[in-house]
Amino acid sequence: RWIEPVQPDVALGIMEEFISLVDEPDAAAQLRTAFEDNEPFEAFKEALAALPQLRDRWFLFHHQAYAELARAWIEQQ
């Protein structure tokens, strides 16, 4: 079956949810600024590069969010 790519608004929602869970005010502010950039995906990636303490947490969160999207798609099929 054809698997549709994740739509940008869904990917942005995942990023925004992650930002809301960051309990370090300065780091959250940096990610929020990146999220509000004209190129949020690239800016977010760059912000994470400057925040190595969040990098692993982001990748775990991202993986779990996309796994949940995949499970939901499977259930729909």
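Which residues does phenylalanine 18 touch, not counting residues up to four places away in sequence? Let's start there, everyone, and keep in mind that this is a predicted model. The contacts of phenylalanine 18 are Leu31, Phe44, Leu54, Arg57, Trp58 and Phe61.

Now let's step back to the core around this residue. The largest nonpolar core has 19 residues, and those that touch the most other members are Phe18, Val22, Leu31, Phe44, Leu48, Leu54 and Trp58. At least two residues of this core come from each of helix H1 (8-21), helix H2 (25-35), helix H3 (40-49) and H4. The top contributor is H2, with 5 residues. As a general reminder, nonpolar side chains tend to be buried together in soluble globular proteins.

On to the aromatic rings. The count comes to 4 aromatic pairs, and I'd like to show you a couple of them. Phenylalanine 18 pairs with phenylalanine 61 in a tilted arrangement, 5.5 Å centre to centre with 50° between the planes. That pair links distant parts of the chain, with phenylalanine 18 in helix H1 and phenylalanine 61 in helix H4, 43 residues apart. Both phenylalanine 18 and phenylalanine 61 are buried.

Next come phenylalanine 44 and tryptophan 58, an edge-to-face pair at 4.9 Å centre to centre and 70° between the planes. Here, too, distant parts of the chain are linked: phenylalanine 44 belongs to helix H3 and tryptophan 58 to helix H4, 14 residues apart. Phenylalanine 44 is buried, as is tryptophan 58.

Let's turn to the pocket. How big is the volume of the largest pocket? It is about 300 Å³. Its lining consists of Ile3, Glu4, Pro5, Val6, Gln7, Val10, Tyr66, Leu69, Ala70, Ala72, Trp73 and Gln76. Sorted by class, that lining has 9 nonpolar, 2 polar and 1 charged residues. Helix H4 (residues 52-76) supplies the largest share of the lining, 6 residues.

One last stop: alanine 49, which sits in helix H3. Is alanine 49 buried or exposed? Its relative accessible area is 59%, so alanine 49 is exposed. How far is alanine 49 from glutamine 7 in space, C-alpha to C-alpha? The two are 24 Å apart, and 42 residues separate them in sequence. You'll remember glutamine 7 from the pocket lining.

Conventions
Residues are numbered from 1 along each chain as its sequence is written. This is a predicted model: local features need pLDDT of at least 70, side-chain atom pairs count only at pLDDT 80 or more; totals for chains, interfaces and linings use all residues. Side-chain values use heavy atoms; hydrogens and water are left out. On a 1 Å grid over the protein atoms alone, a cavity is a set of points where a 1.4 Å probe fits but cannot get out, and a pocket is an open set with protein on both sides within 12 Å along at least five of seven lines; lining residues have an atom within 4 Å of a point. Grid points are joined across faces, edges and corners, and a volume is the space filled by probe spheres set on the points. Helices (H or I, at least four residues) and strands (E, at least two) are DSSP runs, numbered from the N terminus. Ala, Val, Leu, Ile, Met, Phe, Trp, Tyr, Cys and Pro count as nonpolar, Asp, Glu, Lys and Arg as charged, and the others, Gly among them, as polar. A nonpolar core is a set of buried Ala, Val, Leu, Ile, Met, Phe, Trp, Tyr and Cys residues joined through side-chain atoms within 4.5 Å. Buried means under 20% relative accessible area, exposed over 50%, partly exposed in between (1.4 Å probe, protein chains only). Contact means heavy atoms within 4.5 Å. Rings of Phe, Tyr and Trp (its six-membered ring) pair if their centres lie within 6.5 Å; planes under 30 degrees apart count as stacked, over 60 as edge-to-face and the rest as tilted.
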